Amino acid sequence: MRRDRVQAIVIRDNKVLLVKHRMRGREFFCVPGGGIEDGETMEEAVLRELKEEACVDGEIVRKLSIQFKPRDMGEVHSYLIRIPKDATPFPGIDPELGEDKQTIIGIEWLGLEEIGDVDRAYLWAAGLNRIDYFHEALLEMENKLYK
């Protein structure tokens, strides 16, 4: 079933806000995000998802990317989001799952060197390389590989 999704890229001190999940015996990080509800704009959805999963309000800076899910199962729209400097995100919930099936187990601010290769690949695809600091970091990585 096709379902479009949104995700929030929030940066503070060159670190990315990530939600830690435990699901099917594994733990992983991803940015706050989820499905777009009927009658909701993408912009409304991304701010709602940020509030639900990280318990913080934000404002959209700009759209970063559109990814196309495999087998034409939908699109993923990523947005750069600004939150207040004094805001402290904390683990929220995924209302779609019900109280006994929650997967969110933490919230962390992680720098590139702290993010695993697979999670980092998803972040690059989400448009992290379109943010100045991370674009420069990616170019540095490239220079190290090819010297």
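In this tour, Ala, Val, Leu, Ile, Met, Phe, Trp, Tyr, Cys and Pro count as nonpolar, Asp, Glu, Lys and Arg as charged, and the others, Gly among them, as polar. The structure on display is a predicted model.

**First stop: the second largest pocket**

Select Ile11, Arg12, Ile81, Arg82 and Ile83, which lie nearest the centre of the second largest pocket. This pocket holds about 290 Å³ of space, and 14 residues line it. By class, its lining comprises eight nonpolar and six charged residues, with no polar ones. To see where the lining comes from, colour strand 1, strand 5 and strand 6 (75–82); each of these strands supplies at least two of the lining residues.

**Second stop: the largest pocket**

The lining divides into 17 nonpolar, seven polar and 11 charged residues.

Now display the elements around this pocket. Strand 1 (5–12), strand 2, strand 3 (26–30), strand 4 (33–35) and strand 5 (59–68) each contribute at least two residues to the lining. The helices helix 1 (42–54) and helix 2 (117–125) likewise each supply at least two.

Select His21, which belongs to strand 2 (residues 15–23). Is His21 buried or exposed? His21 is buried, because its relative accessible area is 6%, under the 20% limit. Show the side chains of His21 and Thr103: a polar contact of 2.8 Å joins them. Then extend the selection to the residues that His21 touches beyond four places away in sequence: Arg26, Glu27, Phe28, Cys30, Glu53, Thr103, Ile104 and Ile105.

Select Asp13, in the loop between strand 1 and strand 2. Its phi is near 50°, a positive value in a residue other than glycine. Asp13 counts as exposed because its relative accessible area of 69% is over 50%.

Finish at Cys55, in the loop between helix 1 and strand 5. Cys55 is not a glycine, yet its phi is positive, at about 55°. With a relative accessible area of 25%, Cys55 is partly exposed, since that class lies between the 20% and 50% limits.

Conventions. Residues numbered from 1 in each chain as written. Predicted model: local features only at pLDDT ≥ 70, side-chain atom pairs only at ≥ 80, totals over all residues. Heavy atoms only, no water. Helix = DSSP H or I, 4+ residues; strand = E, 2+ residues; numbered from the N terminus. Buried < 20%, exposed > 50% of the residue type's maximum accessible area, 1.4 Å probe, protein only. Polar contact = N/O pair within 3.5 Å; in protein donor to acceptor, adjacent residues only side chain to side chain. Contact = heavy atoms within 4.5 Å. 1 Å grid on protein atoms, 1.4 Å probe; cavity = no way out; pocket = protein on both sides within 12 Å on 5 of 7 lines; lining within 4 Å. Points joined across faces, edges and corners; volume = space filled by probe spheres on them.
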